Amino acid sequence: MVAVIGLGNMGMAMLKRLLEAGHKPSAWDLDPGKRDAARQAGASIGADLKDSIAEITLFSLPHDAAVAEVLNHALPALPQDAVIIDTSTLSPRAVQSFAEQAKAQGVFYLDAPVSGGPAGAAAGSMAMMVGGDAVALERATPILQHLTARLLHIGPSGAGQVAKLVNNLLVASHLVTAGEALRLGAAAGVSPEALLPVLNGASGRSAVTEVNWPRWIIPGSFDSGFSAGLMRKDVGLALELARELDVSLHATGRAAALWQELRDAVPDEADFNRLSAALFTGAKP
């Protein structure tokens, strides 16, 4: 039996993917509308959170405090040796504490943040970066294989979050540098449509030039399902980790600062790709 707790863009996409794979998951969210949508999709909705968890339970939650609250309710109700797979992006230090809390209750907690967005979740093509017990991960793999194309065990508790924060710090930086570099090209008379095939066939390419610009920025759809506010949260966690470890971040730190400085031009609720587009059009802090 499998459950999904947290039915935002990512959680709902994972839930639907599991349904398509033939599973009959249970689900829960604080929002009654999201619970109704999950029920209509085919999920089982319990009377409360404790009635909606399972032997293998996936979390998709917005921040550390939300995970802490859900754990307080879920852990006493979970069976011994149950596995929590937390796909949320969180502080590495927090997830180490969550893992210890779960272990005290006889439950395995895996930090398993993902890359690929709602589209990747819906297609089962996400990358999942897992920290925690390898045996627990092996038990959960038959479920996770429906959701991921790359299931990577990074190391002990917290290692998955470190990998995700490094990844998203790079994505945030690539969005900044691509927007500025393409603006330079446009000012010299060469459009992004002409430049991107060159970049993507050469050494300057990144996921931002290969996917984000062609898919969401040039068409102007900006419907990736990932907000600027979520990227700001992830970048903030990366900077917090750097401070804890006394690691200087010169280039990526400046890119991270731009995400805060352009908050008026690209508010939290906007699609995160709008920051690159704003820099392309000449937005200034």
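Modeller: There are eight salt bridges in the structure, each being a side-chain nitrogen of Lys or Arg within 4 Å of a carboxyl oxygen of Asp or Glu. The model is predicted, so local features need pLDDT of at least 70 and side-chain atom pairs count only at pLDDT 80 or more, while totals for chains, interfaces and linings use all residues. Numbering runs from 1 along each chain as its sequence is written, and side-chain values use heavy atoms, leaving out hydrogens and water.

One of the salt bridges joins Arg-139 and Glu-55, at 3.1 Å from N to O. Arg-139 belongs to helix 6 (residues 134-144) and Glu-55 to the loop between strand 3 (44-45) and strand 4 (56-59), so the pair ties together parts that are 84 residues apart in sequence. Helices (H or I, at least four residues) and strands (E, at least two) are DSSP runs numbered from the N terminus.

As for the helix pair, the axes of helix 3 and helix 4 (residues 92-104) come within 11 Å and cross at roughly 5°. Axes are lines fitted to C-alpha atoms, for helices over the stretch in contact, with angles from 0 to 180 degrees between N-to-C directions. Helix 3 and helix 4 are therefore roughly parallel to each other, a label for angles under 35 degrees.

On the helix 3 side, Asp-64, Val-67, Ala-68, Leu-71 and Asn-72 meet Ala-94, Phe-98 and Gln-101 of helix 4, contact meaning heavy atoms within 4.5 Å. By class, the contact has five nonpolar residues, two polar and one charged; Ala, Val, Leu, Ile, Met, Phe, Trp, Tyr, Cys and Pro count as nonpolar, Asp, Glu, Lys and Arg as charged, and the others, Gly among them, as polar.

Conventions:
Parallel < 35°, antiparallel > 145°, perpendicular 65-115°, else oblique.
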